[in-house]
Amino acid sequence: MIEVKNVIKRFGDFFALNGVNINVEKGSVYGLVGPNGAGKTTVIKCMAGIYRQDGGSVLIDGKPVYENAEIKSRVAYVSDDLYFFPGYSIKDSAAYYRGIYPNWSEERFEEIADVFKIDEKRAARRLSKGMQKQAAFWLGLSTQPDVMILDEPMDGLDPVMRRNVWNIMLAEVANRGMTVLVSSHNLRELEDVCDHVGIMNKGRIAIEKGLDEVKGNIHKVQTAFRDGLPDELRTSLDVLKHEKAGSVDMLIIRGDSGEITDKIRKYSPLLLDVVPLTLEEVFIYELGGMGYELEIIGQ
Amino acid sequence: MSLKSLVNKSVIKSDMRRYWYVGVTFALALFVVTVLPLRSTLLYRPDTGRDFLHSTFYLMTQTTSLLIIVPFCIITPALLFSYLHHKSSVCETHRLPLRRECLYFSHLVSAAVLIALPIILNAAIMFTMVETLPSYILLWAALSMIYAFEITSFSAAASMFVGNTAAGVMLPSIVMFLPLFFTGVMQILGTDYLHGYVASGLPNFMRWIYPSYASLLEGKMYVSLALGIVFVALGAWFYQMRRLENHTRILAFDALNPVFMYGLAFCAGLVGYMYLGTIFYDSVKISMWIGLPFGIIGIIVARMIISKSFKPTKILKPIIIYTAMMCVLYLFYGADITGFEKRVPDIDNIVSVNVTNNYGVTKAYTNPSGETMYLAENAQNDPTLYNKEDIEKVIAFHRAAAENGEEESDSYYSLPITYTLKDGSVMRRSYNITDNNEEVFNLYCAVQELKQVKCERFPIVGDSDTEYTNVSVLNLGASTWLDPSRQEQILAALKQDVLNAKFTDTYNPGSSITSLSVDSRMPSLDSDRNPVEDKTRWYSETLSYNVYPSYTNCVALLTEWGLYDVMPSADQIEKITVYQYIDKEYEFAYLRDKADIEKALAHIKDNRIKNYDRMDGNYQRFEIHYNSGTGYSDCTIDAACMEGIAFE
């Protein structure tokens with residue numbers, strides 16, 4: 001559905017994207033995560049057809065997005081930095097989009113109105129940040145997009161509205177096969193909705209896998225040995241992080257969980273406990289493995 | 001590509017909704033400068049004729065409506081494309097399923113509506129007010145819209161390569177004034193400093209940049225249309241090339257930064273040169289270098305603007321490059337490394353030479369019929385020399401002037417020369433000289449005394465179809481018409497005197513006491529260039545010939561008729577104001593007493609025959625006010641002849 005192939009984007013001498021590859025399958029929810037400055041918003045703007053990439057290609061359904069009105073009419077983009085025309089109400093914006101998006105659905109617009117409960121005659125610029133976000137979703141979903149690209153979409157929404165918005169979008173995914181690409185720092189939330197994850201760092205995609213695959217490849221292991229952690233065992237494992245609390249060793253290990261436990265058991269541990277990692281922990285430890293500064297102030 | 005893919009109605013409607021006030025303000029501004037004056041004319045002159053209305057309308061459109069159009073045509077596209085200059089709005093607009101050309105042309109259509117509607121509306125109001133001018137009003141509306149199209153498309157194109165709205169308004173505004181600025185500078189440099197440089201074609205060239213109602217009619221409208229189309233195409237191309245991430249920058253294209261930086265440096269250099277050049281007036285070569293520090297300031301300011309910071313960076317390299325460019329400029333102009341200044345063409349390579357001079361009678365042809373008429377070829381200005389001997393004299397002067405260089409002075413003689421060479425090229429030079437260098441001045445006089453040049457200065461000595469209708473003799477406070485017999489005598493005498501006169505006898509109008517006003521008419525050509533038989537439709541002119549003391553034949557005749565050096569009587573005079581300027585000291589006095597007036601009149605009569613030295617700047621000027629209160633006359637005499645007047 002969405003193919004980003006070796007995309008390069010420079011701002012002056014700085015390479016914001018340095019050979020990015022992303023594949024998003026139709027009907028999937030793809031979470032794009034990464035540290036600040038990794039290039040997430042830049043690649044999203046390339047996907048939305050706003051920026052022209054300096055190299056590589058950005059395709060939706062095999063067709064380039066940039067300057068392709070037909071493809072862009074099937075894409076809804078909700079940015080982190082929303083813009084409404086001065087003095088325009090949601091109703092005015094809807095009238096504006098009606099003349100631009102061929103798939104605009106008045107019926108859908110009315111349906112979603114019941115969810116958001118915003119006065120459509122109020123000037124959009126006078127709404128709170130959260131309400132502006134809701135309005136952006138409202139308008140975006142009314143265009144009946146095949147692809148929804150979201151940049152920090154839930155920022156400013158209350159928990160109830162977050163859930164409502166995700167429910168509407170997931171219903172669209174289930175009913176119409178809509179594809180969603182979402183960039184967010186709220187990994188807990190992504191963990192609930194995404195089926196694929198891409199981790200970006202320094203203008204590249206470091207990891208791109210199914211969510212289960214990402215989480216299944218990295219584990220937190222708590223173990224204890226009579227004479228301490230054997231060096232042989234330590235070196236035979238792909239340890240991303242090692243902490244010691246008394247006689248208990250806490251290890252973050254990349255690899256298959258069965259293989260890891262088999263290797264540890266050979267050394268007769270007094271304690272062995274394998275705990276699944278959250279997406280946030282995966283993010284932190286994977287990036288730590290790539291040299292990203294993991295030291296968190298206050299810990 | 002269909003029209004639908006190029007223009008989106010929703011975008012246009014949105015533009016109209018957001019920027020309606022621009023159109024309304026423009027309509028009101030046009031109403032104030034066009035409709036109201038017309039209404040006022042009709043109110044106070046209800047019997048106004050068609051011609052008067054036409055001329056009022058012409059003046060009105062010439063001076064004001066075109067000026068009003070310019071700012072609105074710059075601001076409107078700048079506002080319509082201002083979404084390009086903000087991060088959120090540029091993303092919002094460009095995520096829409098609209099191609100860039102669609103956005104561009106949709107906004108251009110919006111601009112066209114906002115600009116054209118007010119013009120049409122005002123034209124419609126004028127139609128209802130004046131029934132006699134439909135063609136002029138239509139023409140006004142059409143020409144205004146054509147000019148508006150040029151400026152709007154230019155501003156739209158400029159909006160494509162700036163990164164913020166203020167720059168979008170400033171850039172086209174500055175660019176609009178640049179031709180005026182550069183032309184002015186080139187004129188000053190060419191006339192005052194760059195020896196031999198001629199910029200004579202520039203004022204005419206400006207007509208094509210800054211149009212008037214008349215120049216639009218003459219053909220500028222085609223230029224405007226063509227330029228408008230070029231700017232539209234350029235704007236579309238710039239929009240395609242524009243990187244949207246460059247919003248908030250001053251210039252959206254990096255490649256334009258050097259153009260902006262060096263452009264500003266040269267402008268700053270020229271301003272400094274013009275402002276401080278007078279301090280180093282005596283040395284052209286020093287004053288040329290004044291441009292350097294000002295240019296460096298320009299580079300620093302440009303870097304501040306580009307980086308939007310008061311701490312300029314990356315300035316060393318551009319300063320070195322600019323200094324190098326100034327050195328090249330100096331070598332070219334100041335040191336004449338190319339030999340441009342010293343070049344004198346070989347006589348064998350010359351086809352003809354055209355010389356212009358400013359020391360003859362002033363020609364002002366009028367066409368009494370008001371129809372479109374043309375001057376016959378033999379009545380055109382500027383003598384063109386083909387005779388080898390004549391050309392040799394021009395070359396001799398040119399060579400001497402080029403060798404000796406120009407001398408700075410408050411007063412000088414000038415001679416623009418235009419050679420047409422055998423290879424088809426044209427070589428133009430212009431020299432300003434003084435009479436301090438005798439050799440150069442004598443050669444200059446030799447050129448001025450060529451018969452063909454003299455004919456140009458004094459048409460009476462030429463062979464033409466001119467018919468003289470009236471001659472009057474002008475003395476202080478009196479004008480006397482001559483009868484036909486005397487007319488014939490004085491014209492024959494004048495012709496002989498002018499032919500005999502040397503340049504030095506005639507270059508100084510101050511040495512003339514009496515003058516002859518000669519009315520004449522000459523055949524004109526109709527629009528098909530055929531001679532017009534009806535003499536009332538011929539071109540007419542009135543030339544004033546000074547009678548210099550060396551014009552012995554004229555002086556003898558006028559003296560015999562009692563019309564030479566006639567002075568008014570003291571009874572006719574209410575007062576005489578005397579202005580005296582000696583060694584830069586200025587004084588003046590009023591003479592009201594009859595005895596003083598008589599004394600002054602005698603002083604004038606005795607002394608004004610002596611030529612005053614127009615080069616030393618010292619003089620006495622007498623302003624004679626007559627009793628009737630209808631006016632005054634004045635005469636100027638050399639300050640060396642001031643004895644006899646008591647100065648208080």
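The model is predicted: local features need pLDDT of at least 70, side-chain atom pairs count only at pLDDT 80 or more, and totals for chains, interfaces and linings use all residues. Residues are numbered from 1 along each chain as its sequence is written, with chains lettered from A and ligands numbered from 1 in the order in which they are written.

**Stop one: the sheet.** Select strands E12, E13, E11 and E14 of chain A, which form an open antiparallel sheet in the order E12-E13-E11-E14. (Strands, E, of at least two residues and helices, H or I, of at least four are DSSP runs numbered from the N terminus; strands pair if DSSP finds at least two bridges between them.) E12 (238-245) and E14 (271-276) of chain A each have a single partner strand, so one side of each is left without a neighbour in the sheet.

Now pick E11 (218-224) and E13 (248-254) of chain A, joined by seven bridges. Here A:Gln222 has A:Met250 as its bridge partner.

**Stop two: the interface.** Show both chains: 22 residues of chain A are in contact with 20 of chain B (contact: C-beta atoms, placed from the backbone, within 7 Å).

**Stop three: helix H15 of chain B.** Select residues 438-448 and find the buried B:Val440, B:Leu443, B:Tyr444, B:Val447 and B:Gln448. On the other side, B:Glu438 and B:Glu439 are exposed.

Key: Contact = placed C-beta atoms within 7 Å. Buried ≥ 20, exposed ≤ 12 C-beta atoms within 10 Å, placed from the backbone.
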